[in-house]
Amino acid sequence: MSRTGFFVGGERVQGSGQPFASVNPATGETNYELAAAGAGDVAHCVAIAKEALARSQWCGLRPPERARILGAIADGIVARSEDLAMIQLRENGKVLAECRAQVASAAATFRYYAAVCETAGAEVTPSRGDYLSMTSYEPIGVVAAITPWNSPLTMEAQKIAPALAGGNAVIVKPSEVTPSGALAVAEIALAAGLPAGILNVLTGTGVETGIPLVSHPDVRMVSFTGGTETGRSIAKIAAERLIPVALELGGKSPHIIFEDADLERAAAAVQDGIFEGSGQSCVAGSRLFVQRPVLQRMIELMRARAEAIAVGMPLDPGSKMGPLASFRHREHVERFVHSARAEGGEILAGGGRPSDAGLAKGAFYMPTLIGGLDPSAHACREEIFGPVLCILAFDDEEDLVAQANGTAYGLAAGIWSLDVTRALRVARRLEAGTVWINTYKQLSIATPFGGYKDSGIGREKGVGGMRLYQQIKSIYLGGVRL
Ligand code: NDP
């Protein structure tokens, strides 16, 4: 089997780390083998990126010139969209429609940051003496971008595009489960005119590749999306090194149904909010809070919907839900359902692997509803990151807010009520970086995104998404007055 190298300085490289296999989670078959970067490869890559920044004048290019290249990367992604969608489908098992949507989102992200790059200004600040005082925004340097496996293209674009727009060099360390999308985007960027060495990709594990990258003295910032415990360990290294970190971490988002809600519409949104992508979404609405008078009705609606979801091969156009991204991850989900049973939970739908023999070789798991749990149960407090919805009841606003805020996470929340005043009042009280009212999981690249509490530090997306990768310089020019 041929081995795919990683991407440094515009070239494919076979590294010194332990090579690893990419596995198709729908079939259990090996896709290909990939090279892995060891500490020496990481040091080489950082040196190349640093030199490319100095040599290529990337940050010295005028914003419209940088923007033109970012736009050309978007065009390149669109031109290879079917190929990119298939890469993701083979590696994390999402259904084709979802993979296609994520490729389109990655292209749109590059286009958005091309526009931000071209239009964002610097400021002249009010003078308090005989000088002209200005604030300018400058690149940070070599940025490490570490990403997870659930939505690799989307997450990587959300880091690469604003960091490049801000004039930095980037080294991406994708998850070993989904390594190939970032490699393809780096090739597209080179062909689009990005100087070699400004965007590099190191494949390998978190321990063998990720830790040396975060620890390298010439990496000046880390942007990480992934689990909370990994984020915490990266933040410790960054704190010791005094470098900035942006952390997009896990979630346990409450999806709230008041008794006056449009229950049919709400049920459709709850379904997509938890089962799209097999629940492997940081903003998955994994705790459903229902006001007691409509609890039974909502359970009936959700049960009918969960049982009707077509679980199947990701390439089958009829499939609504593919497998989990890896066999190891399915075991993680199974452990949670087991613990929920042990803690008194009632399985209202699913709760196991599909009986269809055609799916037996893949990491499939049925859409699962669990009722009857105490809010303190493991499955109600910890992130499962799978197609498992815990259904809980509440009596009034006070009870709801206490329960909804009762986890360590604070990424997102959804509220369904026809009383908009109440919905807004509750939205203000929820500890969450994003709150949806009478909708769920709408995401715009123009709107800031990030978490409260253990769900992260910093906000990606929006104009601030580029500023995240810049540092402010203040300049005073003496003898001048406006
Ligand atoms: P992990 O935290 O396990 O891994 C994320 C990335 O970090 C991978 O590339 C991983 O490499 C790498 N990594 C692991 N350990 C280290 C380390 N010590 N130092 C440096 N890098 C390391 O998360 P998952 O990949 O399992 O992704 C799922 C998690 O991501 C969920 O908890 C989910 O909530 C969160 N997530 C958050 C989002 C948000 O925006 N808030 C969006 C999407 C997901 P490797 O896996 O190759 O070892």
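**Conventions**

I worked from a predicted model, in which local features need pLDDT of at least 70 and side-chain atom pairs count only at pLDDT 80 or more, while totals for chains, interfaces and linings use all residues. Residues are numbered from 1 along each chain as its sequence is written, and side-chain values use heavy atoms, with hydrogens and water left out.

**Salt bridges**

I took a salt bridge to be a side-chain nitrogen of Lys or Arg within 4 Å of a carboxyl oxygen of Asp or Glu. How many salt bridges does this rule give? The count comes to 22. For helices (H or I, at least four residues) and strands (E, at least two) I used DSSP runs, numbered from the N terminus. For burial I used relative accessible area: buried is under 20%, exposed is over 50%, and partly exposed lies in between (1.4 Å probe, protein chains only).

I looked up Glu 33 first. Its side chain forms a salt bridge with that of Arg 3, at 3.0 Å from N to O. Glu 33 sits in strand E5 (residues 30–34) and Arg 3 in strand E1 (residues 3–4), so the pair, 30 residues apart, links distant parts of the chain. Glu 33 counts as partly exposed because its relative accessibility is 26%. Arg 3, at 39%, is likewise partly exposed.

Next I looked up Glu 98, whose side chain meets that of Lys 94 in a salt bridge of 3.5 Å, N to O. Glu 98 is buried at a relative accessible area of 14%, and Lys 94 is buried at 4%.

Then I took Glu 460 and Lys 159, which form a salt bridge with their closest N and O atoms 3.0 Å apart. These two residues are 301 apart in the chain and link distant parts of it: Glu 460 is in the loop between strand E20 (456–457) and helix H15 (464–467), and Lys 159 is in helix H5 (residues 152–165). Are they buried or exposed? Glu 460 is buried, because its relative accessibility is 2%. Lys 159 is buried too, at 1%.

I also noted a network: Arg 12, Arg 80, Asp 83 and Glu 187 are joined by salt bridges that share partners.

**Domains**

I used domain bounds that come from an automatic or database domain assignment. The protein chain is divided into domain 1 (3–249 + 455–475) and domain 2 (254–444). Their C-alpha centres lie 31 Å apart. Counting contact as heavy atoms within 4.5 Å, I find 22 residues from domain 1 and 29 residues from domain 2 taking part.

How much area is buried between domain 1 and domain 2? The value is about 1900 Å², and carbon and sulfur atoms give 62% of it. Buried area here is the accessible area (1.4 Å probe) that two parts lose on being put together, summed over both.

On the side of domain 1 that touches domain 2, the elements giving two or more residues are helix H3 (81–92) and helix H4 (96–119). H3 gives the most, with four residues.

**Single residues**

Arg 422 is in helix H14 (residues 420–429). It is buried, at 14% relative accessibility. Leaving aside neighbours within four places in sequence, I list its contacts as Phe 258, Asp 260, Gln 291, Glu 397 and Ser 417.

Asp 454 lies in the loop between strand E19 (434–437) and E20. It is partly exposed, with a relative accessible area of 25%. Not counting residues up to four places away in sequence, Asp 454 touches Thr 228, Arg 232, Leu 249, Ala 408 and Tyr 409.

Gln 470 is in strand E21 (residues 470–478) and is buried at 11% relative accessibility. Its side chain makes a polar contact with the side chain of Arg 467, at 2.8 Å. Beyond four places in sequence, Gln 470 is in contact with Tyr 137, Glu 138, Ile 140 and Gly 166.

Key:
Polar contact = N/O pair within 3.5 Å; in protein donor to acceptor, adjacent residues only side chain to side chain.
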